Amino acid sequence: MSATRIDGKQIAKEVRDDIQREISARGAKDVPGLAVILVGEDPASQVYVRNKRKMCEAVGIYAEEYQLPENTSEDKVIKQVESLNQDPKIHGILVQLPLPKQINTRRVLDTVSPDKDVDGFHYMNVGKLVANRPGFVSCTPLGIIALLDRSKIKIEGANAVVVGRSDIVGKPVALLLLHRHATVTLSHSRTRDLAAVCREADILIAAIGKPQFITKDMVKPGATVIDVGINRLPDGRLVGDVDFDPVSEIAGAMTPVPGGVGPMTIAMLLSNTLQSLKFTEKRGR
Ligand code: NAD
């Protein structure tokens, strides 16, 4: 058997097209705005920020970029965030991570207004996710659910196993799956007999950060496998957390790396920014 490929690049394009249509139907007076703050000169972060700006412009989201030098103080970053919290043109604020060592990341993220926290990292939005109340959810987990939905993979009643319990991927995606009525196991580095746990999964989500860690013997025949990992091998190749070729012989459907979860993350950032404008309008009424 050869797994159906879940094409994240194509699905992300469909999501962006939907967003673009919705923004253009709203007319020029209601434009969602996103501000991105980048501290330092990390080349990977610069590429991410450039991409985010390009994607914003392509769908009609107004974008602002704040590039601050590597030695910027924590107070200065916080002042920048506070000023954007007050700016009516801006509906989403994203602080590109990682931040330089002299800056307390948690303090900065908790300064972002929960109403503009399109990354879903503020503790109030994390709490809302736990309570299953409307708020912002981080973009990669949202993207995973959108991939499953648009590929018509049934979540309700499925056994879902998430490998990795990070705050930005593992934990939130486990909660989203739970709210969609999956039976969820959140596994991690101290899980006993991880292979046996993974073999129970109808939906297996790998968010570990270890190249080709999920092998064929860990996958139930016909399972849907979502690979969140992005790992660079010594030979320069980019691979996920799943051993793609052997696993694709047994899985029912799976995402490639690159071209799976990655493109969905930015698409969901755009979606959250538009959502933020809609929340603002609702509060204004
Ligand atoms: P993280 O390092 O914060 O968390 C990794 C998790 O994996 C931990 O909870 C840990 O318990 C678990 N883990 C580590 N070793 C394990 C083992 N041997 N067995 C079982 N579990 C183990 O990572 P993260 O931020 O969640 O990212 C995970 C991967 O996803 C990375 O490769 C990252 O680059 C990638 N990522 C991709 C996107 C995207 O947009 N595609 C977004 C975020 C992260």
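## Pockets and cavities of a predicted model

Ile93, Leu94, Val95, Leu109, Val112, Asp117, Asp119 and Phe121 line the second largest cavity. (A cavity is a set of points on a 1 Å grid over the protein atoms alone where a 1.4 Å probe fits but cannot get out, and lining residues have an atom within 4 Å of a point.) Residues are numbered from 1 along each chain as its sequence is written, and side-chain values use heavy atoms, without hydrogens and water. The model is predicted, so local features need pLDDT of at least 70 and side-chain atom pairs count only at pLDDT 80 or more, while totals for chains, interfaces and linings use all residues.

Strand 4 (92-95) gives the most to the lining of the second largest cavity, with three residues. (Strands are DSSP runs of E with at least two residues, helices are runs of H or I with at least four, and both are numbered from the N terminus.) By class, this lining has six nonpolar, no polar and two charged residues. (Ala, Val, Leu, Ile, Met, Phe, Trp, Tyr, Cys and Pro count as nonpolar, Asp, Glu, Lys and Arg as charged, and the others, Gly among them, as polar.)

Two cavities of 30 Å³ or more are present in the structure. The largest cavity is lined by Leu34, Val36, Val49, Lys52, Arg53, Cys56, Ala63, Glu64 and Glu65. Strand 2 (33-39), helix 2 and strand 3 (62-68) each supply at least two residues of this lining, and helix 2 gives the most, with four. Five of the lining residues are nonpolar, none is polar and four are charged.

Now let us turn to the pockets. (A pocket is an open set of points with protein on both sides within 12 Å along at least five of seven lines.) In the largest pocket, 44 residues form the lining, and the closest to its centre are Tyr48, Thr140, Ile230, Gly262 and Thr265. Domain 1 (31-115) and domain 2 (139-261) both give residues to the lining, so the largest pocket lies between them. (The domain bounds come from an automatic or database domain assignment.) Helix 10 gives the most to this lining, with seven residues.

Helix 10 also provides the largest share of the lining of the second largest pocket, again seven residues. Helix 1, helix 6 and helix 10 each supply at least two residues there. The second largest pocket has 17 lining residues, and the closest to its centre are Leu142, Met268, Ser271, Asn272 and Gln275.

Here are the volumes and classes side by side. (A volume is the space filled by probe spheres set on grid points, which are joined across faces, edges and corners.)

| Pocket | Volume | Lining by class |
|---|---|---|
| Largest pocket | about 1,300 Å³ | 23 nonpolar, 12 polar, nine charged |
| Second largest pocket | about 320 Å³ | nine nonpolar, four polar, four charged |

The three strands form an open sheet in the order 3-2-4, with parallel pairing. (Two strands pair if DSSP finds at least two bridges between them.) Strand 3 and strand 4 are the edge strands, each pairing on one side only. Seven bridges join strand 2 to strand 3, and Val39 stands opposite Leu68 in strand 3. Helix 3 (residues 74-85) packs on this sheet, touching strand 2, strand 3 and strand 4. (Contact means heavy atoms within 4.5 Å.)

Technical notes:
Axes are lines fitted to C-alpha atoms, for helices over the stretch in contact, and angles run from 0 to 180 degrees between N-to-C directions.
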